[in-house]
Amino acid sequence: MRFGRSWAMVCVALAALLSMAMTGASGHAQSGPRRGYLFIVGGGPQPPELVQRFVDLAGGTKAKIVVFAMASSDGKESGEEKAEDLRKLGADAHAYFIGPEEANSDSMVKHMEGVTGVWFGGGDQVLLTKALLGTRVEKAIHARYAAGAVIGGTSAGAAVMSNPMLTGEERHVGGVRPPSDSTSHYMTIARDNIEMVPGFGMIDGVLVDQHFLRRRRHNRFISAVLENSPHLGVGIDESTALIVHPDGHWSVLGESAASIYDARRAAITKVGAPVLGESGLILSVLPAGSSYYPATAKVVLPH
């Protein structure tokens, strides 16, 4: 009887050790594919440290990177220039300028095998989603991310990371007082004004805006965050990257800042109300070296 009890205790101890080995220090099961990084740049010039960090996350000299630059009319040239910059840092990089038909082809899906990094160029984000959304290549991008690849982009390539996605258009410019200057935009915080369409949804439950401080995009982003559940968004300034780590926390790298708008616990006027208002919106401005934990809204600023 005593031998049976002792053997049972040994089995329990072995099971506990096996469980610890499977879950690791984080306490979460390590079964299934791991998630990679998102490297979201707010547009503008990219400092060398940003480009190098992207390549490093993709595997350095072992990186295999594909560049999609369909957001721009000159994407064939700009995409190849980007690929050449990445090759200079030791990566195996190739640029593709494709449409939906090619994005569903066996040959293009074959090119995605073993990819450790994907880069979306700037321009018009709607053109980028028009080329890839719902295709086999988009599915492959999600699969590579789940397997540990880094998915990055700048400007339009940043906007496509969220779902829904800002198009850059508004429905009622100036509200009840349309501006005489056709270049004036986002003068109001208003309901049913910011145009949103499906994006790639690489980042869960978060809206993404770009060129944020440089182009004063606060009004449009406040409107979008208040209207769209779960009411969380990040506006990334130029020459700055928001890095989403595999464990879900964010960090900021570059020359400026990322602005986080968190209205998850705010009181917001009801849908159908004549005005869009709120109480309790939290704004956090995170310069380079900051970290953010979206699950808890914890902010860690650099010393």
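These are my notebook entries on a predicted model of one protein chain.

**Ground rules.** I number residues from 1 along each chain as its sequence is written, and I use heavy atoms for side-chain values, leaving out hydrogens and water. Since the model is predicted, I ask for pLDDT of at least 70 for local features and 80 or more for side-chain atom pairs, while totals for chains, interfaces and linings use all residues.

**Confidence.** I looked up pLDDT, the predictor's confidence in each residue, from 0 to 100. The mean for the protein chain is 90, and 89% of its residues reach 70 or more. Over residues 1-33 the pLDDT is below 50. Beyond near neighbours in sequence, I find nine contacts for this stretch in the model, a contact being heavy atoms within 4.5 Å. Where pLDDT is low, the predicted coordinates should not be read in detail.

**Whole chain.** I list nine helices and 17 strands; these are DSSP runs numbered from the N terminus, with H or I over at least four residues for helices and E over at least two for strands. Of the 303 residues, 45% are buried (buried is under 20% relative accessible area, exposed over 50%, partly exposed in between, with a 1.4 Å probe and protein chains only). The accessible surface is about 15,300 Å², and carbon and sulfur atoms hold 56% of that; the areas come from the Shrake-Rupley method with a 1.4 Å probe, and for residues only the protein chains shown count as cover. Taking contacts between residues at least 6 apart in sequence, I see that 71% join residues at least 24 apart.

I traced an open sheet of four strands in the order 8-9-12-15, with mixed pairing; two strands pair if DSSP finds at least two bridges between them. Its edges are strand 8 (207-210) and strand 15 (282-287), each of which pairs on one side only. From one strand to the next the twist averages 20°. Axes are lines fitted to C-alpha atoms, for helices over the stretch in contact, and angles run from 0 to 180 degrees between N-to-C directions. Strand 8 and strand 9 (residues 232-236) pair in the parallel sense over four bridges, and Leu207 stands opposite Gly233 in strand 9. Helix 9 (residues 218-227) packs on this sheet, where I find it touching strand 8, strand 9 and strand 12 (257-262). The direction of helix 9 makes about 175° with that of strand 8.

**Aromatic pairs.** I paired rings of Phe, Tyr and Trp (its six-membered ring) with centres within 6.5 Å, calling planes under 30 degrees apart stacked, over 60 edge-to-face and the rest tilted. The count comes to nine aromatic pairs. Phe68 and Phe120 are stacked, at 6.3 Å centre to centre and 25° between the planes. Phe68 is in strand 2 (residues 64-68) and Phe120 in strand 4 (residues 117-120), so this pair ties together parts 52 residues apart in sequence. Both Phe68 and Phe120 are buried. Trp250 and Tyr292 have ring centres 5.1 Å apart and planes at 45°, so I call the pair tilted. Trp250 belongs to strand 11 (residues 250-254) and Tyr292 to strand 16 (residues 291-293), 42 residues apart. Trp250 is buried at a relative accessible area of 2%, and Tyr292 counts as buried at 1%. I also noted a cluster in which ring pairs link Phe68, Tyr96, Phe120 and Phe200.

**Lys139.** I placed Lys139 in helix 7 (residues 136-146). Its relative accessibility is 65%, so Lys139 counts as exposed. The C-alpha atoms of Lys139 and Ala103 are separated by 10.0 Å, with the two residues 36 apart along the chain.
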